[in-house]
Amino acid sequence: MSSIFHNTAVQIEIMCLDQNTMAPINATIFNDKLHQHQVMQFLKSSNNSLFENEQLIQYLTNLLLFFAKSVIWLMPLIFAIIFLKPQYFLNYKDTLRKLRIHHKALSQGPVKRYFENFFKTRIDQTNQISGECNQCGNCCLNQQCVFLEPIEDEKFQCGVYNSPFRKFSNCGAFPISSEDIERYACPGYVFNPYPVINIQCSSSVKT
Ligand code: SF4
Ligand code: SF4
C-alpha cells in the first residue's frame with residue numbers, strides 16, 4: 001500500500017480512538033492528487049486478491065491433505081527410501097499408526113500455515129522474535145510428527161533434520177510470528193512487540 005501513497009495523494013477515512021473516552025472517532029486525511037475512488041478501488045482490489053489467495057490456500061490445503069490421506073499406506077515405503085531409513089518400512093504398522101496421528105495433526109492448521117507462508121499472506125514478525133530452541137518438540141505437531149525422536153532429558157530431535165527433503169516442509173520457518181509461539185507454547189522464543197505509538201486524530205484534517 002505504501003507505493004500508491006508515495007508522492008500521491010489520498011483521501012481516506014480512518015478509524016481511531018479518542019484518547020480520553022476511547023470511543024471510536026472517524027478521521028479523514030485529505031490530499032489532492034489522488035481521488036478517493038482510486039484509493040477505494042485500490043483497497044477493494046487489494047481486498048479481493050486477499051480473498052482469492054485465501055480461497056486458493058484453502059483449496060490447496062484440502063487437496064494436499066486429501067492426497068496425503070489417499071496414499072498414506074505407501075508413505076512408510078516412500079519415507080524409507082527418500083530418507084534412507086529402512087526402519088520406516090520395516091516397522092510398517094507402527095509407522096502407519098504414527099502417520100495417521102501425523103496426518104490428523106497436519107489437518108489442524110500446519111498445512112494451511114505452510115501455504116500461507118508460501119504465498120506470503122501470513123504475517124511475518126521474525127525481526128521481533130528472539131531466543132533459541134531448547135528442543136522441546138512442541139512445534140513438531142505438538143510432538144506428534146512421525147519423524148520426531150526422543151533424546152535425553154525430555155528433549156527431542158528431528159530424525160530427518162539433515163535431509164534435503166526437509167527443506168520443502170514448514171519446519172525451517174518456525175517461529176515467524178507471535179501466533180506461532182503461542183500456538184505451540186514455545187518455551188524457547190519470545191515475541192518482542194514494537195512500542196505502541198499513539199497518533200492523535202481529529203475529525204477533519206485537511207492538507
Ligand atoms: S517449540 Fe520452540 S523450543 Fe520447542 S522445539 Fe519448537 S522452536 Fe524449539
Ligand atoms: S523438524 Fe523434523 S520432527 Fe519437527 S516437524 Fe519438522 S520433520 Fe517433524
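Here is a short chat about a predicted model of a protein chain with its ligands.

Student: How many helices and strands does the protein chain have?
Tutor: Start at the N terminus and read off the elements: α-β-β-α-α-α-α-α-β-β-β-α-β. Tally that up and the chain comes to 7 helices and 6 strands.

Student: What average pLDDT does the protein chain have, and where does the pLDDT stay under 50?
Tutor: The chain averages a pLDDT of 80, with 70% of the residues scoring at least 70. Over residues 25-43 the pLDDT is below 50, though this stretch has 42 contacts in the model beyond near neighbours in sequence. The other stretch to flag has 22 contacts beyond four places in sequence, and its pLDDT stays under 50: residues 1-13.

Student: Which residues come nearest to ligand 1?
Tutor: Look at the shell by class: it divides into 8 nonpolar, 5 polar and no charged residues. Of the 13 residues around ligand 1, the nearest are Cys-133, Cys-136, Cys-139, Cys-186 and Gly-188.

Student: And around ligand 2, how many residues of the shell are charged?
Tutor: The residues there include Cys-140, Cys-145, Cys-158 and Cys-171, along with Leu-141, Phe-147 and Arg-166. By class, 8 are nonpolar and 1 is polar, and the number of charged residues is 1.

Student: Which elements give two or more residues to the largest nonpolar core?
Tutor: That core holds 15 residues, and among those touching the most other members are Cys-139, Cys-140, Leu-141, Cys-145 and Phe-147. The elements giving two or more residues to this core are α5 (92-106) and α6 (110-118).

Student: Leaving aside neighbours within four places in sequence, which residues is Cys-145 in contact with?
Tutor: Cys-145 is listed around ligand 2, and Cys-145 also belongs to the largest nonpolar core. With the sequence neighbours set aside, its contacts are His-102 and Cys-140.

Student: In α6, which residues are buried?
Tutor: Across the protein chain, buried residues make up 14% of the 207. Just after α6, Lys-120 takes a positive phi of about 55°. Within α6 itself, the buried ones are Pro-110, Val-111, Lys-112, Arg-113 and Tyr-114.

Student: Is Ala-68 buried, exposed or partly exposed?
Tutor: Ala-68 sits in helix α2 (residues 36-70), and its C-alpha is 7.7 Å from that of His-103, 35 residues away in sequence. Being buried takes 20 or more other C-beta atoms within 10 Å, while exposed means 12 or fewer. Ala-68 has 16 C-beta neighbours inside 10 Å, so it counts as partly exposed.

Terms used:
Residues numbered from 1 in each chain as written. Chains lettered and ligands numbered in written order. Predicted model: local features only at pLDDT ≥ 70, side-chain atom pairs only at ≥ 80, totals over all residues. Near = placed C-beta within 6 Å. Nonpolar A, V, L, I, M, F, W, Y, C, P; charged D, E, K, R; others polar. Core = buried A, V, L, I, M, F, W, Y, C linked by C-beta atoms within 7 Å. Helix = DSSP H or I, 4+ residues; strand = E, 2+ residues; numbered from the N terminus. Contact = placed C-beta atoms within 7 Å. pLDDT = per-residue confidence, 0-100.
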